[in-house]
Amino acid sequence: MRAALIGLSISIVALLANVPAYGQDAEQQQQLPQLDRGEKLEKIALPAVLEKLTGWTKFGKGKVYMLPLKKGQHVRITFSSKSKYAYMAIFDLSSSEDESFFGTDEDGNTADVTVNEDTTWLIKPYYSRVTRRRGLGAPYEILIDPNPPATQQPPDQQKDKGPMLFPPRAKQGQ
């Protein structure tokens, strides 16, 4: 009887000791994004050089990428596919909004962003299910450029501000 009581006491103490750990696991699971059935989450690190991700948008077998970024990082992500029904959306997991901040269906094929704070992005290629099309998916390619070249300035701003041999015509008569 005494051994059973001691065993029961040890079990209760062990269960109560595990409660905080269980609560932390639940918190960590809430931070992970909700995926569609069959999607696989692939965690990637910001590459040192241009990285190419390839895959297939087939429903139930797609990949979703998680990319952590640090404050001040500049990154360019370019999406391409042979199918006009394949798209990509980028979600900011640190934001409370459920909608993507970038989508190739509305914003073009290239996201060129400088991050204002530490964050994690969810990059989700998908195949439009609302349009008539052939097939169940399409191949895609995502290029992640961690060091994109500076955007070109318009020709007016590129000119050297130093002395000119010939002034512009508009100022010649003055």
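The largest nonpolar core comprises 21 residues, of which I77, M88, I90, W121, I123 and I142 touch the most other members. A nonpolar core is here a set of buried Ala, Val, Leu, Ile, Met, Phe, Trp, Tyr and Cys residues joined through side-chain atoms within 4.5 Å; buried denotes under 20% relative accessible area, exposed over 50%, and partly exposed the range in between (1.4 Å probe, protein chains only). Two or more residues are contributed to this core by each of β3 (63–69), β4, β5 (86–92), β8 and β9. Helices (H or I, at least four residues) and strands (E, at least two) are DSSP runs, numbered from the N terminus.

The model is predicted, with local features requiring pLDDT of at least 70 and side-chain atom pairs counted only at pLDDT 80 or more, while totals for chains, interfaces and linings use all residues. Residues are numbered from 1 along each chain as its sequence is written, and side-chain values use heavy atoms, with hydrogens and water left out.

Among the core residues, I142 is in contact (heavy atoms within 4.5 Å) with E51, K52, L53, Y65, I77, T78, F79, M88, I123 and P125, residues up to four places away in sequence not being counted.

Side chains of opposite charge can pair when their charged atoms come close. Five salt bridges are present in the structure, each defined by a side-chain nitrogen of Lys or Arg within 4 Å of a carboxyl oxygen of Asp or Glu. One of them joins E39 to K124, with an N to O distance of 3.5 Å. Because E39 is located in the loop between α1 (2–31) and β1 (40–43) and K124 in strand β8 (residues 119–127), this pair ties together parts that are 85 residues apart in sequence. E39 is buried at 16% relative accessibility, and K124 is likewise buried, at 15%. A network of salt bridges links D36, E39 and K124.

A further salt bridge is formed between K52 and E141, whose closest N and O atoms are 3.6 Å apart. As K52 belongs to strand β2 (residues 51–56) and E141 to strand β9 (residues 139–145), the pair ties together parts separated by 89 residues in sequence. E141 is partly exposed, with a relative accessible area of 25%, whereas K52 is exposed at 52%.

R76 and D112 also meet through their side chains in a salt bridge, at 2.8 Å from N to O. R76 lies in strand β4 (residues 74–81) and D112 in strand β7 (residues 110–114), so this pair ties together parts that are 36 residues apart in sequence. D112 is partly exposed, at 31% relative accessibility.
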